[in-house]
Amino acid sequence: MEARLSVSDPRPSTHWLRTVVERADLDPLPADALPAGITAVAAWDAVCEATGLSHTALAQRVADHYRLALADLTKVEARTLRLIPDTFARRHTVVPLRETDRDLAVATCDPTDLEAEQSLAFASGRRPVFEIATPDALAMAIEQHYSPTRVVASLLEGLRQEDADLVQLVEAGPAEEVGLEEVEAEPVVRLTSLILREAILQRASDLHFEPGREGGRVRFRVDGVMRTHMQLPMPALNRVLSRLKIMGRLDIADRLRPQDGKARIVVEGREYDLRISTVPTRDAEKAVLRVLDTGAAKALGEIGMPPEELDRFRALLGQRDGILVVTGPTGSGKSTTLYAALREIATEEVNIMTVEDPVEYELAGITQIQVEPKRGVTFAAALRSILRQDPDVILVGEIRDLETAEMAVQAAMTGHLVLATLHTNDAVGVVQRLLDLGLERPAIADSIRGVLAQRLVRRVCEACARPAGDGPLPEDEARLAERYGRRPARVAAGCEKCAQSGYRGRLPVTELMIVDEAMRRMIARGDESGAILGVARAGGMRLLDEVALDHAAAGRTTLSEIGRELGEPAAVGPQAEDGDQPHLLLVDDDAVNRTLARTLLAKHGYRITEAGDGVEALECLAGRDTFSLMVLDLDMPRKGGREVLQQVRATVATAGLPVVVLTGTHDEASEIELMDAGADDYIRKPIDPPRFVSRIKAALRRAAG
């Protein structure tokens, strides 16, 4: 594939190729052969046609004239390609060949292109040294070395192939003509599989693929909290997104409209459903994947509901008719609780039918209907049909509109137990929400049997949580302990098992309101919510805060986690400060070097985290902070820079992290070894301040490009 890009003539009055021809004693060019503004590619073609020279022969004349070497494009060093981003190479029609600590050899067809020379120096932090190649040869080399899949392949170097092979697509989408060869290329498929596998192993409920001006990132929602997993160059992210769209049977050529799809994968012998949603953004497309473990429905006694609420909830499930509502915001565990309830009451003597969007868990012996609006299968339409199927229990995934609400009331009034979800902040708020949908007060009063409001808080990690004891608490916990008048039994710490978060898994915080006769009369006559709440509490309802504090007192969670979920502001961690500044990890066992480097980088607006050796560096990378670049010393105790670099490149989450190595060696072979091992650049010690800062800036620019 030929790529011919425009390079404007810096001196239109006398084209440089005309001078080459005149000095080489060739036949003079026609006066109009090289008009102002002609591209370098067109100029080469015009000169060769006028003189009868081949492109190769003209390249030799140009090299002789400017006393430059001819470029050997068969000997492009892979490590050097990292110094010049794809965009620079294509814009200026250049190919980086090899590099030293100071110089960068670059193949070009226009040795007079001052803009290219300045841009290359800016991007690489080195002095460009031009060598001559023909435009056609440069175009072929650019396509060979900068093809999109090579960007992805470079991220995968050092990662284990067998990890990606453990993800299998069960339902593949149909072939698409546009870009199919790219999104089905082995590196793209492999990287996508590795990300999906890592999400499953980390128990992520959602995956976010987010584009940005300075590159993309992948974030997982684990235990309800977003966590940055990895950063990707935009070419890699775009191809992963296209691969996901192929999996979800979406149109990869349509990037201007939102799309929704689904796929099924198998990871380590277990099936998972993926719900894929894409939306166009200012920069590119964003995709969000919901991971559904269809075989992971828990029993009611396994979800962690407090014993007192569990007994009262089971009493409601014993009702023969009426509506039992589970309410809470998105992601509060409503579906998990309802499926656990279905498992509790499912017997051969009961006919249970559900209408859901989507079907999150598959339960044996239960008829489950997937909402499909395009085929006319809405909640209301499905409910209307279900009532003719002789059900005993009906689950409505969500009451969204008046028609669905009226059908649910009708089912409850005709001897069916209806389980449903709504979005409200508390149990009492269900009454007003149903009124807002258009139901009449008498219908609400006669049909509602109970409401369970729910949130999810994270459990402290059993592997690393430490007893609070009688000693001083962390600042967050101490402030909230004073506010609530309760002391936590344990505080979060952080370890490898919980990804340094201090939490692993979640448990429900519930608020259960049972609607008795007195409350029905209050609802029917329109009493205020406060009065209804008072009657509910007198009947045994505990508020969300009260149940949550019991969890903290028992050591199952912390006060700061309760504050985060229930509205009390939690402490702001270091990763939330100066969020717009590039965050650099500086790794060096020499305190003097660290101080110098930190001072230089801080003056230029960078945020710095320091590590004294390789072990500390890996602990920082495994923590909650996200880094834009790592400056890594080679010779350190406990774990040296080479081992750290190898581990960084072999881990999915850090495979794309730019790494600049500090080295005291002047051995060219060692420097080549470092670049081949995955370093993005190297800087010789002792640190030369201007060059050090310039090379760090250049590495960040390349990562953004």
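Author: Two strands pair if DSSP finds at least two bridges between them. This model is predicted. Keep the pairing rule in mind for strands 9 and 10.

Reader: How many bridges join strand 9 to strand 10, and do they run parallel or antiparallel?

Author: Eight bridges link strand 9 with strand 10, residues 285–292, and the two run antiparallel.

Reader: Which strand does strand 8 join, and by how many bridges?

Author: Strand 8, residues 259–267, is joined to strand 9, residues 270–280, by nine bridges. These strands also run antiparallel. Find K262, then look across to its bridge partner in strand 9, R275.

Reader: What lies between strand 8 and strand 9 in their hairpin?

Author: Two residues separate the strands there. E268 in this hairpin has a positive phi near 50°.

Reader: Now a sheet. In what order do the seven strands of the open sheet stand?

Author: Read across: 13-12-14-15-11-16-19, with mixed pairing.

Reader: Why is one side of strand 13 and of strand 19 left without a neighbour in the sheet?

Author: Strand 13 (367–370) and strand 19 (503–514) are at the edges, and each has a single partner strand, so one side of each has no neighbour in the sheet. From one strand to the next, the twist averages 20°.

Note on methods. Residues numbered from 1 in each chain as written. Predicted model: local features only at pLDDT ≥ 70, side-chain atom pairs only at ≥ 80, totals over all residues. Heavy atoms only, no water. Helix = DSSP H or I, 4+ residues; strand = E, 2+ residues; numbered from the N terminus. Axes fitted to C-alpha atoms, helices over the stretch in contact; angles between N-to-C directions.
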